[in-house]
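This report describes selected packing features of a two-chain model. The sequence and structure come first, and the notes follow.

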Amino acid sequence: MATNVGLLTVQVRDLVRRYDDRPVLDGLDLDIAPGEFVALLGKSGSGKSTLLRALAGLDHDVEGTGELAVPANVSVVFQDSRLLPWARVLDNVVLGLGAADDRGRESLAEVGLAGREKAWPNELSGGEQQRVALARSLVREPELLLADEPFGALDALTRLKMHALLRKLCAAHQPAVLLVTHDVDEAIVLADRVIVLDAGRIVAEETITLAAPRSAADPGFAAVRSRLLDALGVSV
Amino acid sequence: MSATTLPGLRPRATTSPVVRRRRLGPGTPIRFGSAIGPVLLLVIWSIGSATGWIDQRVLSAPWTVVTTAGDLIADGRLQSNLWTSAQRALIGLALGIVLGVVLALISGLSRLGEAVLDGPIQIKRAIPSLALLPLLILWLGIGESMKIVTILLGVFVPIYIHTHNGLRTIDSRYVELAQTVGLSQWDFVRRVVLPGALPGFLLGLRFAVTGAWLSLVVVEQINSTSGIGYMMELARTYGQTDIIIVGLVVYGVLGLLSDAVVRLVQRRALSWRRTLAS
């Protein structure tokens with residue numbers, strides 16, 4: 001049902017989603033331009049995941065109204081790597097693609113896992129599993145990449161490496177990205193624009209213009225962070 | 001850091017003897033421990049037979065059983081009866097597996113299928129297959145079809161129950177994944193449902209194999225003219241306990257062998273799981 005979105009990859013107008021008559025998304029508007037990296041911050045229960053699931057088309061039984069235009073080719077990265085444990089790494093990457101083994105291999109090489117095609121997911125570390133999940137998403141060359149706290153379950157060091165990898169991959173593939181996270185620093189480091197969701201509405205928005213590589217030591221970084229934390233209702 | 005001792009901390013006595021705690025578990029395993037019981041039984045049986053303490057009419061001596069087995073093999077009776085029995089069991093097993101898997105898929109993948117099928121199968125499960133024998137004999141006579149259907153009925157239930165359970169307990173997150181990567185219904189069944197239900201299916205298969213032998217024993221003793229059970233039943237009328245024991249040994253070996261085969265298949269098919277244990 002992708003209407004003509006013109007220059008936008010994602011166009012959301014007046015989106016409402018309810019669980020048991022309690023609005024989780026309450027008249028939300030959101031635009032994402034092609035190739036734009038948007039990070040979505042918000043407290044637990046602010047509607048982050050609901051929005052992401054609505055964009056992914058995974059909210060079958062949820063009541064709601066509003067306009068939603070997303071491209072046909074959307075990939076999702078979940079918090080867990082969600083690899084099929086009974087399928088080898090390469091088969092997981094090309095799941096549902098038919099004859100795409102060569103593309104799958106290239107994709108695995110891109111995330112630094114060349115040579116692990118025949119491994120079982122259980123044999124990989126958490127970070128490696130999440131890299132396979134990234135390869136599975138990007139081998140489909142999505143116009144929109146939806147990521148639901150993809151690094152939330154990783155240790156801090158692995159997470160830093162994954163940030164660098166994700167930046168590199170996004171530069172190469174140029175998908176529009178919506179990254180749901182509750183890590184303010186992660187949002188600032190990765191995104192072109194950070195939006196803050198509260199009670200189903202966007203309550204703050206920051207366009208990040210810091211030069212790469214972005215560092216928390218940068219005074220501009222600290223200023224953005226404190227404004228975002230304010231919007232999240234965290235006083236520091 | 002500092003050489004001064006903190007107040008309240010005394011240097012540990014290095015000479016105090018280590019207190020050995022009494023071990024509460026059963027201790028280290030005995031080598032070939034699982035053979036001790038059977039060997040002991042065999043010894044008692046042999047001594048009993050040799051001393052005449054066990055009457056030959058009640059239980060033949062082990063060596064008589066061995067020579068009888070030799071005779072039965074020499075004149076081909078054991079092989080032909082064994083072949084007949086194996087055929088019945090395998091045909092019943094194969095049909096039961098197909099039926100169980102197909103029903104489990106229908107009932108697991110569609111709510112309507114579940115509503116229609118699951119109830120009757122649960123009722124069937126509550127009725128021992130062997131209790132259906134009188135009806136089956138009336139309907140199908142005492143020929144091969146009655147025997148195979150009885151085995152089939154004993155087999156399909158555990159296959160259905162465990163496959164269906166395996167299928168229903170597939171993590172919903174994988175279903176969600178299948179949706180996001182746009183799997184077709186057929187690919188969803190092939191790549192997610194069947195492999196996900198495989199551990200359940202293989203568990204069901206182990207029960208099914210045991211069940212198939214059990215049903216076989218019973219149906220072969222009803223108006224059969226061939227098979228291991230028939231051979232034993234015939235021996236009963238002549239009081240040949242040696243032949244009966246040969247039959248029992250054959251059933252035992254078949255049961256053990258088939259379980260070993262299923263376990264081997266299980267190890268091969270679930271190698272993605274074994275990597276966790278190894």
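In this predicted model, helices α5(B) and α6(B) cross with a right-handed sense. Helix α5 of chain B covers residues 133–140, and helix α6 of chain B covers residues 144–168. Their axes are 9 Å apart and meet at an angle of about 145°. From α5(B), the contact uses L133(B), L136(B), I137(B) and L140(B). The residues of α6(B) that take part are S145(B), M146(B), V149(B) and T150(B). By class, six residues of this contact are nonpolar, two are polar and none is charged.

**Sheet in chain A**

Chain A has an open sheet of three strands, ordered β2-β1-β4, with antiparallel pairing. Strands β2 (22–32) and β4 (63–69) of chain A are the edge strands, each pairing on one side only. From one strand to the next, the twist averages 10°. Strand β1 of chain A, residues 10–19, is joined to β2(A) by eight bridges, and the two run antiparallel. Within β2(A), I32(A) is the residue opposite V10(A).

**Nonpolar cores**

The largest nonpolar core contains 65 residues. L40(A) and L146(A) have the most contacts inside this core. Leaving aside residues up to four places away in sequence, L40(A) touches K48(A), L51(A), L178(A), L179(A), V180(A), I195(A) and L197(A).

**Contact between the chains**

Chain B contributes 16 residues to the contact and chain A contributes 14 residues.

Which helix supplies the largest share of the side of chain B that touches chain A? That helix is α7(B), with six residues. Sorted by class, this side of chain B has eight nonpolar, four polar and four charged residues. The contact of α5(B) with α6(B), by comparison, has no charged residues.

Methods. Residues numbered from 1 in each chain as written. Chains lettered and ligands numbered in written order. Predicted model: local features only at pLDDT ≥ 70, side-chain atom pairs only at ≥ 80, totals over all residues. Axes fitted to C-alpha atoms, helices over the stretch in contact; angles between N-to-C directions. Helix = DSSP H or I, 4+ residues; strand = E, 2+ residues; numbered from the N terminus. Left-handed = near helix turned anticlockwise from the far one by under 90°. Contact = placed C-beta atoms within 7 Å. Nonpolar A, V, L, I, M, F, W, Y, C, P; charged D, E, K, R; others polar. Core = buried A, V, L, I, M, F, W, Y, C linked by C-beta atoms within 7 Å. Buried ≥ 20, exposed ≤ 12 C-beta atoms within 10 Å, placed from the backbone. Pairing = 2+ DSSP bridges.
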